[in-house]
Amino acid sequence: MSPRKGNSVLPAHHSKSFLESVLWSKKVELNHHRHDAMNNWLRLLYSQDRAVVAGALRSIVYATDGKDQYALQGLVRVFKHPKLSEWNRTAIADIIESKFACPEALQLVIRCLDTYVGTLRDASCRIIANTISVENGAEPIRLIATHLESMVMTTRKVALLLLCDLCDRHSALNGTVLSAVARYMEHPVDYVRQTAVESLVMLSERSDKADVIREITKRLEHHRSDVREAAHQTILALTGKSSGESKTWIASVSCCLDSENPAIRAAGAQTLQGLNLQDKRAIELSPSLATPGRQVSSPRQHATPLSGCSEIPPSSRMTIAYVGDRLESEDTEVRKEAITTLRLMSDSGLHHRADLVRAAARRLDHDEVAVRESAVEALSLLVGDQDRESVDIVMEWLNAPSSVTRTTALTAIGRIASKGDKVVLQALSNRLQDDDYRVVREALLVIEKLARFE
């Protein structure tokens with residue numbers, strides 16, 4: 001029976017399922033023939049005849065319109081052949097870049113970075129740099145950064161240079177690149193962490209300073225000591241490149257002193273000392289950059305002064321201020337760490353001892369008794385024997401409006417003053433006329449302790 005024109009009913013052997021199977025078989029047959037043709041064109045790309053190569057590329061583009069994954073994979077397979085001529089590789093690179101630009105193409109080309117063929121690496125870098133944009137950059141940048149853990153030093157270097165190039169081309173990608181690289185500071189392998197440190201130093205010049213500080217100080221608070229050490233090295237490497245750079249880091253690094261982990265607090269204190277030392281060295285190398293500080297009136301003002309150094313780092317007082325603030329912490333361990341840090345800062349010779357004493361003495365007037373006790377403890381460690389200037393700083397608080405502050409100042413003087421010091425004893429005698437009996441009682445106790453009765 002032949003079908004009628006119009007809306008006719010098809011015979012049973014022309015049912016819908018039968019037609020679908022026929023169409024599917026035709027599609028498979030068409031794809032098979034197309035793949036055969038594509039394979040023939042791909043083979044021609046190995047030819048030494050440039051006209052043949054150009055013709056094959058035109059045929060591939062015409063047949064696929066740059067949207068065929070089979071063609072893309074074949075092009076990349078030929079592109080990364082180690083013995084392919086430079087002209088052929090460049091021609092294929094141009095086609096991939098101009099006609100097959102897509103996320104899949106980027107992923108395939110990024111894998112070519114890990115190769116020993118120099119021309120292939122160069123061509124791959126060109127495709128990647130010209131194809132990545134602000135909109136599609138996040139995932140490719142992450143894939144490029146994975147090459148920082150390659151065992152081949154050349155591959156790591158190529159990946160770093162490519163990331164720097166991307167930052168130069170697209171400033172909006174700087175934060176993405178920085179974050180992708182910074183995560184390798186947490187890598188378990190030493191050489192990868194070191195590569196990350198070197199990479200961050202190079203990328204810092206191209207990135208927003210706030211982003212750099214945030215990414216690195218985050219690793220300074222890491223639970224692993226090797227990661228904290230990598231962050232410490234990075235900070236010192238960055239601040240050593242220019243004078244005065246340390247000041248921008250001190251506030252962020254000081255936050256480590258608030259950590260519940262004693263190892264992190266110690267890392268923060270160590271890094272703060274390193275920042276001040278960087279400033280000191282910058283002054284030594286360039287005296288014109290020195291910031292005049294208050295002259296030391298006593299040769300004993302520094303416990304162990306650096307030989308040949310008379311200038312105090314510009315970042316010194318800022319560091320002292322941030323560490324001194326930790327004396328007011330509600331956490332006992334944080335206050336203890338601050339006391340230890342102040343003592344180490346005094347021993348380093350990088351700070352005026354008088355500035356350290358003032359930072360501690362200022363807390364004698366605090367409302368919390370624990371903070372006042374911490375201040376007294378800090379003063380007892382900071383003030384050395386016969387340190388007249390430091391004792392005078394503390395005695396200024398004997399005239400404070402609060403009787404509690406005057407009493408605490410007397411307690412501190414009892415721990416730092418030298419026996420038989422007539423100036424101190426006279427000041428203590430004046431406190432015997434105080435209106436508050438607690439001040440008078442404390443003054444008597446200190447006089448008994450310091451006086452030399454013969």
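Which residues in α7 meet which residues in α8? The legends below take up this contact and others.

**View 1. Packing of helix α7 (residues 138-145) against helix α8 (residues 153-169).** In this predicted model, local features need pLDDT of at least 70 and side-chain atom pairs count only at pLDDT 80 or more, while totals for chains, interfaces and linings use all residues. Residues are numbered from 1 along each chain as its sequence is written, and side-chain values use heavy atoms, with hydrogens and water left out. Ile141, Ile144 and Ala145 of α7 meet Ala159, Leu162, Leu163 and Leu166 of α8 (contact: heavy atoms within 4.5 Å). By class, this contact has 7 nonpolar, no polar and no charged residues (nonpolar: Ala, Val, Leu, Ile, Met, Phe, Trp, Tyr, Cys and Pro; charged: Asp, Glu, Lys and Arg; polar: the others, Gly among them). The packing angle is about 155° and the axes lie 9 Å apart (axes are lines fitted to C-alpha atoms over the stretch in contact, with angles from 0 to 180 degrees between N-to-C directions). Helices α7 and α8 are therefore roughly antiparallel to each other (angles over 145 degrees; under 35 degrees counts as roughly parallel). Helices are DSSP runs (H or I, at least four residues), numbered from the N terminus.

**View 2. Packing of helix α16 (residues 332-348) against helix α18 (residues 369-382).** The two axes are 9 Å apart and form an angle of about 25°, which makes α16 roughly parallel to α18. The crossing of α16 past α18 is right-handed (near helix turned clockwise from the far one by less than a right angle; left-handed if anticlockwise). Arg335, Ile339, Leu342, Arg343 and Ser346 of α16 make the contact with Ala370, Ser374, Glu377, Ala378, Leu381 and Leu382 of α18. By class, 6 nonpolar, 2 polar and 3 charged residues take part.

**View 3. Packing of helix α21 (residues 422-430) against helix α22 (residues 437-450).** An angle of about 155°, with axes 9 Å apart, makes α21 roughly antiparallel to α22. Their crossing is left-handed. Val424, Leu425, Leu428 and Ser429 of α21 meet Ala443, Val446, Ile447 and Leu450 of α22; this contact has 7 nonpolar, 1 polar and no charged residues.

**View 4. Arg183 and the ring of Tyr184.** The charged end of Arg183 sits over the Tyr184 ring, 5.1 Å from its centre (CZ of Arg or NZ of Lys within 6 Å of the ring centre and within 35 degrees of the ring normal).

Key: Helices (H or I, at least four residues) and strands (E, at least two) are DSSP runs, numbered from the N terminus. Angles under 35 degrees count as roughly parallel, over 145 as roughly antiparallel, 65 to 115 as roughly perpendicular and the rest as oblique.
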